[in-house]
Amino acid sequence: MINLILFGPPGSGKGTQASTIVSKFGLTHISTGDLFRYEIGNSTPLGLKAKAYMDKGELVPDEVTIGMLENKLNSTPNDKGYIFDGFPRTIPQAEALDTLLDSRGTKITHLIALDVDDEEIVKRLLNRGKTSGRPDDQNEEVIRRRIVEYLDKTSPVYEFYEKTGLSQKIDGIGSLDEIFNRIYDALH
Ligand code: ADP
């Protein structure tokens with residue numbers, strides 16, 4: 001069983017690689033960013049709450065995010081394992097995830113971090129913003145705010161899982177195939 005956290009700053013290619021991993025390994029993909037955008041699209045109370053933070057480039061509060069993730073786990077059968085994309089993004093989220101998986105008799109097996117430098121991220125996200133329709137990709141100030149949130153609150157999650165030897169870093173620059181092959185090697 002593989003339960004993978006695909007880790008890295010915004011725009012590091014987590015979503016793109018997650019789709020390939022899902023098609024090759026049959027894992028269940030859970031992206032908290034996609035879940036929030038779905039809620040926003042349906043104008044739910046949760047979506048409206050999340051949108052206020054996302055539009056500014058800030059993290060959505062932990063209790064909101066963890067509650068949503070728990071609902072998703074409850075409604076998603078897990079045969080081959082999960083790939084978590086964009087979660088956990090804080091230490092409390094990592095602790096909550098470990099507890100939720102533990103109560104289901106499973107645990108995180110790998111954390112793979114895609115390493116991409118800040119200027120490349122800003123370039124990629126502004127470029128994605130031209131076609132993604134995502135407001136948070138269309139404003140450089142919001143993009144830089146997301147990078148600061150990542151450095152402050154999310155990067156410690158790498159060290160959290162490094163303590164148990166689960167964290168690995170790979171180069172996130174290259175062709176999609178090259179990066180997938182690095183992930184494949186890290187998983188084996
Ligand atoms: P990216 O990786 O490009 O930032 P995401 O879709 O993962 O894209 O996230 C978009 C936004 O959704 C984040 O900037 C944040 O506001 C919110 N978000 C997503 N996942 C989380 C999370 N685990 N905790 C808090 N906020 C989150």
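The side chain of T90 reaches the backbone nitrogen of Q93 at 3.1 Å. T90 also joins side chains with D62, through a polar contact of 2.9 Å. A polar contact here is a pair of N or O atoms within 3.5 Å; within protein, one must be able to donate a hydrogen and the other to accept it, and residues adjacent in sequence count only if both atoms are side-chain atoms. This is a predicted model, in which local features need pLDDT of at least 70 and side-chain atom pairs count only at pLDDT 80 or more, while totals for chains, interfaces and linings use all residues. Residues are numbered from 1 along each chain as its sequence is written, and side-chain values use heavy atoms, with hydrogens and water left out.

Where does T90 sit? T90 is found in the loop between β3 (82–85) and α5 (91–102). Helices (H or I, at least four residues) and strands (E, at least two) are DSSP runs, numbered from the N terminus. T90 is buried, because its relative accessible area is 8%. Buried means under 20% relative accessible area, exposed over 50%, and partly exposed in between (1.4 Å probe, protein chains only). Not counting residues up to four places away in sequence, T90 touches L59, D62, K153 and V157. Such a contact means heavy atoms within 4.5 Å.

Now turn to the sheet. Five strands form an open sheet with parallel pairing, in the order β2-β3-β1-β4-β5. The edge strands are β2 (28–31) and β5 (167–171), and each pairs on one side only. From one strand to the next, the twist averages 20°. For such angles, axes are lines fitted to C-alpha atoms, for helices over the stretch in contact, and the angles run from 0 to 180 degrees between N-to-C directions. Two strands pair if DSSP finds at least two bridges between them.

Start with β1, residues 4–7. Three bridges join β1 to β3, and the two run parallel. In this pairing, I5 stands opposite F84 of β3. Four bridges join β1 to β4, again in parallel. Here L6 stands opposite I112 of β4, and F7 stands opposite A113 of β4.

What covers the two faces of β1? In a regular strand the side chains alternate between the two faces of the sheet. In β1, L4 and L6 lie on one side, and I5 and F7 on the other. All four are buried, and both faces of β1 are covered.

Next comes β4, residues 110–115. Strands β4 and β5 pair in the parallel sense over five bridges. A113 stands opposite K169 in β5. Five of the six residues of β4 are buried, so this strand is largely enclosed by the rest of the structure.

The ligand is the next stop. Which residues come nearest to the ligand? Of the 20 residues around the ligand, T32, R37, E58, G86 and R128 come nearest. A residue counts as near if one of its heavy atoms lies within 4 Å. A backbone N or O atom of G86 lies 2.9 Å from a nitrogen atom of the ligand. On its own the ligand has 540 Å² of accessible area, and the protein covers 96% of that. Accessible areas come from the Shrake-Rupley method with a 1.4 Å probe; for residues, only the protein chains shown count as cover.

R146 leads on to D137. Leaving aside neighbours within four places in sequence, D137 is in contact with L125, L126, R128, G129, S132, I143 and R146. D137 is found in the loop between α6 (118–132) and α7 (140–154). D137 counts as buried because its relative accessible area is 0%.

In helix α7 itself we find I147. Is I147 buried or exposed? I147 is buried, with a relative accessible area of 5%. Apart from neighbours within four places in sequence, I147 is in contact with P10, D118, I121 and V122. I147 and E119 are 28 residues apart in sequence, and 10 Å apart in space, C-alpha to C-alpha.

The last stop is helix α8 (residues 156–162), where E162 is found. E162 counts as partly exposed, because its relative accessibility is 42%. E162 and R104 are 58 residues apart in sequence and 22 Å apart in space, C-alpha to C-alpha.
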